2 protein chains.
Amino acid sequence: MARGVPLKPIESVAAELGVPADAVYRHGPFKAKLALDWVLARRPAKPGKLILVTAISPTPAGEGKTTTTIGLGDALRRIGRRVAICLREPSLGPVFGAKGCATGGGKAQVAPMEEINLHFTGDLHAITAANNILAALIDNHIYWGNPLNIDPRRVTWRRCLDLNDRALRNMVIGLGGASQGVPREDGFDITVASEVMAILCLATDLEDLQARLGRVIVAQTRDKKPVTAADLDAVGAMTALLRDAMAPNLVQTLEGTPALVHGGPFANIAHGCNSVIATRAGLSLADYVVTEAGFGADLGAEKFLDIKCRLAGLEPSAAVVVATVRALKMHGGVAKADLKGENVAAVTAGCANLVRHVENMRKFGLPVAVAINRFTADTEAELAAVAEACRALDVEVHLCNHWGEGGAGAESLAHAVAALADGGTAAFKPLYAADLPLTEKIRTIAREIYRADDVEFPATVRARLAEFEARGFREAPVCMAKTQYSFSTDPDAKGAPTGFTLPVREVRLSAGAGFVVVLCGDIMTMPGLPKVPASSHIGVSPAGHIVGLS
Amino acid sequence: MARGVPLKPIESVAAELGVPADAVYRHGPFKAKLALDWVLARRPAKPGKLILVTAISPTPAGEGKTTTTIGLGDALRRIGRRVAICLREPSLGPVFGAKGCATGGGKAQVAPMEEINLHFTGDLHAITAANNILAALIDNHIYWGNPLNIDPRRVTWRRCLDLNDRALRNMVIGLGGASQGVPREDGFDITVASEVMAILCLATDLEDLQARLGRVIVAQTRDKKPVTAADLDAVGAMTALLRDAMAPNLVQTLEGTPALVHGGPFANIAHGCNSVIATRAGLSLADYVVTEAGFGADLGAEKFLDIKCRLAGLEPSAAVVVATVRALKMHGGVAKADLKGENVAAVTAGCANLVRHVENMRKFGLPVAVAINRFTADTEAELAAVAEACRALDVEVHLCNHWGEGGAGAESLAHAVAALADGGTAAFKPLYAADLPLTEKIRTIAREIYRADDVEFPATVRARLAEFEARGFREAPVCMAKTQYSFSTDPDAKGAPTGFTLPVREVRLSAGAGFVVVLCGDIMTMPGLPKVPASSHIGVSPAGHIVGLS
């Protein structure tokens, strides 16, 4: 579909945002990086308004968060607003695996989708290289006599590749004898799970990038002292590899709306939203910036607000919670196979999930709108059930059909969101104070957002948290890693579960990113490919077009 | 040095070659890819003349092959010729390791050197991804029941990264239990050693690329049948990842001469020269194409001629053999520490190496010139000794100082080479006929080029070669992998050794690249980092410039 739509030269898209041609570093006719120094020097008289698009807890039925973000951006532009969309950039893992592309769908897409989903402007490859030169320097240090006394059993820095490759999760490297290295356990994560990705997305300029990279903890010494990237003289090379990747990428939607697609950290062990640099660039260039955060609002939005906005001093003006009738039915207890046919009772029951997410967004001081990403099979009675549930909350529900109609299908949402953002009712505050102890930060999120009765901290976790605080990270935000499928840690507990405890299994310090990762359950940082991967349908046509991306 | 020189916009460089702006796919102001369909559609009335720059056997003293290629290109342009330079693109391994950058030196450089040496236009990252999606699909196939009956002990396809990382040479992957994969031995090569790189450099268009990728043999079944990339449905995804990387990259020298920098396979287990597509593009756009091949002429030039030129139907018009007085002294028996001070006898002795390489080039029917890449410490008597040795061969020697003076320092070489190329004396023929048995091809190279008395074939090697022939590869060229430091397999045998036998240790079929790799000695396909890697000096200045590349 996307290939038939004519695109504007990327300089025209940049010009719409007031970016001069000499600050546009083109990658072919339709992609560009904006010159980092130009972007960082922008000091607008009045920055734009930041609008977060988040969603109910994801289900296999799909919600369409990215699609809605794009549709809302297009719609705001159609009603005459100066707008920039800020999205995460795709990873090759999902593209070749099961989840597919990350460029929207239908008439609400960013383009050229083939190039954005495959290498784009090379940012993920740069992150892979920066992550892996650090890993190589660790093993090289150990090989050449190990003057820092690194304990090979306690190297926590893993290598990475931007692919789903299950077989690389756990391995023993350095085999083959004395001249081949020192054997130790290791593994690869997918690139988006690398701390380097989180750092790139939080760094405010090259100096900050460099400082953060230097703080990255990669291992412990035999006497349990932390070893950092700075200790290994890795920071300069990593910064050099990442320099160009720090510049935000500009593309356009199928309707020509400017879109900054930059950075894309995992939403579990990292904070799951696009780069601070791109968001700030958008706010300095447009009156409205529409952005999204990964997973449901309990994870993505909470981290967007408590980590990204807090650390970057961003003040969002409104939030949109996206739902589909199909997904609400699943939260109401219907299995995926039984989604066909009207089921008003299930929709009503499933709205408990939506309601809780809306309530949660308000706890951050944000005005909220609900967007129903409409499917043709949705019935009037089902849609009325959603409206009814939202009426009790005094939140507006907007039916959207941007998938089928582009921005025209999301105009009512756009009017409402613009009114919310312009209304001045937002009074953003993070959920917890920076000086709260780490355990209390976790407890606050568990109680206020997940609605857990309490949190279980194993003694080892308490000890680690105390160690992080002693090391100067008491003021750090926490980055929750739990299943995205439920407010609880049980992925099958749909809707709005109560009466559960949040078990914390493990905590890790991402000293470079500047947050404490709190693992509640098994978190996969290297996905596997399914039995028939999406890659098997992807190819190049005789005319040279990429085919089979979906 | 390079940073102070003003560069032309890349469209101007393209225009000098007659490339229209809409066939120029810019990567920023100074790098571009030329549109592949435009390049492939070129049918010039009179193609350009192809000039190979090769060298004596390398020594730690350095020869300056890339620098001479650039200097000769600049000089040809200065004397009014329409010229394109064709170079290999750099790998991050040497850039961060010990060998350094691959963009020339002094006033004979391609630019922007920082961007070319770091990610450039992403070709190597694309190759890494294509290599590794195939690897992931192998393990995924085994994981999901292994219907092809792949023997996990006989998977020959290795993963790759574009870094020097010794610890990844040998590993056991798939650890961690049933849901994490099937344990097996594996390892990573550096990306330039991947067969995908060799394929990219030999493929003539996307269709040929796809056919070659399909033929790649990745493993054997339990009953010893070959398993190919096509069997694993990997070809479409690999082609999609490589599509943009197939388009040749255009940059310029510091003097503004157009340079196509594209592809860069290892010169041991692969053929060590830039892409066929870039060379053909150069020949279709310029009157003279100056290119180089890896290592000394016994390896690089032989493979350039017997593999690349033969398979692509290229007819070179002249060859330049580069030497330095310092390196000739080392071939004459002087240790690196003792190179200071005049030593005419050592130069004369060392010329035996140069003479043999010149003789060898003539066996391919090529007229030859010798270029002395001059150092200030070279004395008149030493230079006279080189001239004397060459006089006996009736080959012209040209003193060059392109490092210090740019193209102006290589004008006499340029006049001589243009005269050779225009003289019509070239009568290129490969060294051996395609229908010679594989053992005889190897024997021909060993006797004619290396001057070995004979070749030792272990029984296992003979059996493998017979198997390759039975499988349809009797007509394939052979790709010799031996030390580059000597004509023999003993790296310490400098000069022009005789009285030795060439021991073949192992043979491998690169069915996608279309050649049989003949390993004579230990060949390293994943280098290690030195004790103090170049990476430790690389960084980004406060002004955002990459520093410390060398």
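Predicted model: local features only at pLDDT ≥ 70, side-chain atom pairs only at ≥ 80, totals over all residues.
## Where chains A and B meet

Start with the contact between the chains. On chain B, 64 residues are in contact with 64 residues of chain A. The size of an interface is often given as the accessible area lost when the parts come together. Here chain B and chain A bury about 5,500 Å² between them. Of that area, 63% is on carbon and sulfur atoms.

Polar links cross the interface too. There are 28 residue pairs in polar contact between chain B and chain A. Several elements of chain B give two or more residues to the side that touches chain A. The helices among them are α4 (92-96), α6 (123-143), α8 (206-215) and α9 (235-242). The strands are β1 (24-26), β8 (159-161), β9 (171-173) and β25 (539-540). Helix α6(B) gives the most, with 10 residues. By residue type, this side of chain B divides into 32 nonpolar, 21 polar and 11 charged.

## Salt bridges across the interface

Side chains of opposite charge can pair when their charged atoms come close. Between chain B and chain A the count is two salt bridges. Asp165(B) and Arg159(A) form a salt bridge across the two chains, at 2.9 Å from N to O.

These two residues also belong to a wider group. A network of salt bridges links Asp165(B) and Arg159(A) with Asp139(A), Arg184(A) and Asp186(A).

## Helix α6 of chain A

Helix α6 of chain A covers residues 123-143, 21 residues in total. From first C-alpha to last, the helix reaches 30 Å. That is close to the 30 Å expected at 1.5 Å a residue.

How enclosed is α6(A) by the rest of the structure? Largely so, because 20 of its 21 residues are buried. After the helix comes Gly145(A). The phi of Gly145(A) is positive, near 105 degrees.

## Salt bridges within chain B

Over all chains, the whole structure holds 68 salt bridges. One of chain B's pairs is Glu11(B) with Arg26(B), at 3.4 Å from N to O. Glu11(B) lies in helix α1 (residues 10-16) and Arg26(B) in strand β1, so the pair ties together parts that are 15 residues apart in sequence. Glu11(B) is partly exposed, at 26% relative accessible area. Arg26(B) is buried, at 16%.

Glu411(B) and Arg78(B) form a salt bridge, with their closest N and O atoms 2.9 Å apart. Glu411(B) sits in helix α16 (residues 411-422), while Arg78(B) sits in helix α3 (residues 65-78), 333 residues apart. Both ends of this pair are partly exposed: Glu411(B) has a relative accessible area of 25%, and Arg78(B) has 48%.

Arg443(B) counts as buried at 15% relative accessibility. Glu440(B) counts as partly exposed at 28%.

## Two residues to look up

Tyr450(A) lies in helix α17 (residues 438-450) of chain A. Is Tyr450(A) buried or exposed? Tyr450(A) is buried, because its relative accessible area is 0% and the cut-off for buried is under 20%. Leaving aside residues up to four places away in sequence, Tyr450(A) touches a set that includes Asp298(A), Leu299(A), Arg356(A), Ile445(A) and Met480(A). Its contacts also include Lys482(A), Phe487(A), Pro497(A), Phe500(A) and Leu502(A). Glu292(A) is 158 residues from Tyr450(A) in sequence and 20 Å away in space, C-alpha to C-alpha.

Glu388(B) is placed in helix α14 (residues 380-391) of chain B. Glu388(B) is partly exposed, with a relative accessible area of 47%. Along the chain, Glu388(B) and Ala98(B) are 290 residues apart. Their C-alpha atoms are separated by 35 Å.

How values were computed. Residues numbered from 1 in each chain as written. Chains lettered and ligands numbered in written order. Heavy atoms only, no water. Helix = DSSP H or I, 4+ residues; strand = E, 2+ residues; numbered from the N terminus. Expected span 1.5 Å × (residues − 1). Buried < 20%, exposed > 50% of the residue type's maximum accessible area, 1.4 Å probe, protein only. Contact = heavy atoms within 4.5 Å. Buried area = accessible area lost by both parts, 1.4 Å probe. Salt bridge = Lys/Arg side-chain N within 4 Å of Asp/Glu carboxyl O. Polar contact = N/O pair within 3.5 Å; in protein donor to acceptor, adjacent residues only side chain to side chain. Nonpolar A, V, L, I, M, F, W, Y, C, P; charged D, E, K, R; others polar.
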